[in-house]
Amino acid sequence: MRIPVLEIQGYEADDVIGTLAKKAGEMGNIDTFMITPDKDYGQLVEENIRMYRPRFGGGYEIMGPKEVMEKYDIS
């Protein structure tokens with residue numbers, strides 16, 4: 001499997017992931033999935049940008065805008 005590695009000196013991984021996710025989201029026709037346990041990524045979730053959050057003990061939850069709002073009681 002050929003998975004590219006992207007590093008940008010002076011930036012943290014979450015900044016790079018967030019920027020790429022938002023850029024892909026702006027294109028509108030790319031479904032983007034961020035795999036992270038970091039709840040801060042919930043700020044980036046949109047209809048075509050989702051978050052896969054690994055669960056303690058196995059598995060994961062997929063979070064779109066509705067799930068983020070429900071999980072963190074945002075109205």
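These legends describe close-up views of a predicted model.

**View 1. Strands β1 and β2 run parallel.**
β1 covers residues 32-35 and β2 covers residues 49-54. Four bridges join the two strands. In β1, T32 and M34 make up the covered face, while F33 and I35 make up the uncovered one.

**View 2. A salt bridge joins K22 and E46.**
The side chains meet with an N to O distance of 2.3 Å. K22 belongs to helix α1, residues 13-27, and E46 belongs to the loop between β1 and β2. The pair therefore links distant parts of the chain, 24 residues apart. K22 counts as partly exposed because its relative accessibility is 27%, and buried would require under 20%. E46 is also partly exposed, with a relative accessible area of 30%. Side chains of opposite charge can pair when their charged atoms come close.

**View 3. R53, E61 and K71 are linked in a network of salt bridges.**
E61 takes part in two of the pairings shown here, one with R53 and one with K71. Between R53 and E61, the closest N and O atoms are 3.7 Å apart. Between E61 and K71, the N to O distance is 3.4 Å. E61 lies in strand β3, residues 60-63, and K71 lies in helix α2, residues 65-71, so this pair ties together parts that are ten residues apart in sequence. R53 and E61 are both buried. For E61 the relative accessible area is 17%, and the limit for buried is under 20%. K71 is partly exposed, with a relative accessible area of 43%.

**View 4. E12, D14, D15 and D40 gather in a patch of negative charge on the surface.**
One of these residues, D40, lies in the loop between β1 and β2. D40 counts as partly exposed because its relative accessibility is 47%, and exposed would require over 50%.

**View 5. L6, I8, Y11 and L20 form a nonpolar patch on the surface.**
Together the four side chains of the patch account for about 420 Å² of accessible area. L20 is partly exposed, with a relative accessible area of 46%.

**View 6. D73 has a positive phi although it is not a glycine.**
The phi angle of D73 is about 50°. D73 is located in the segment after α2, the helix of residues 65-71. With a relative accessible area of 71%, D73 is exposed, since the limit for that class is over 50%.

How values were computed. Residues numbered from 1 in each chain as written. Predicted model: local features only at pLDDT ≥ 70, side-chain atom pairs only at ≥ 80, totals over all residues. Heavy atoms only, no water. Patch = residues over 30% accessible without salt bridge, like charges linked within 9 Å, V, L, I, M, F, W, Y side chains within 5 Å. Areas by Shrake-Rupley, 256 points an atom, 1.4 Å probe, with all protein chains shown as cover. Lys, Arg positive; Asp, Glu negative; His and termini not counted. Charge placed at Lys NZ, Arg CZ, Asp CG, Glu CD. Buried < 20%, exposed > 50% of the residue type's maximum accessible area, 1.4 Å probe, protein only. Pairing = 2+ DSSP bridges.
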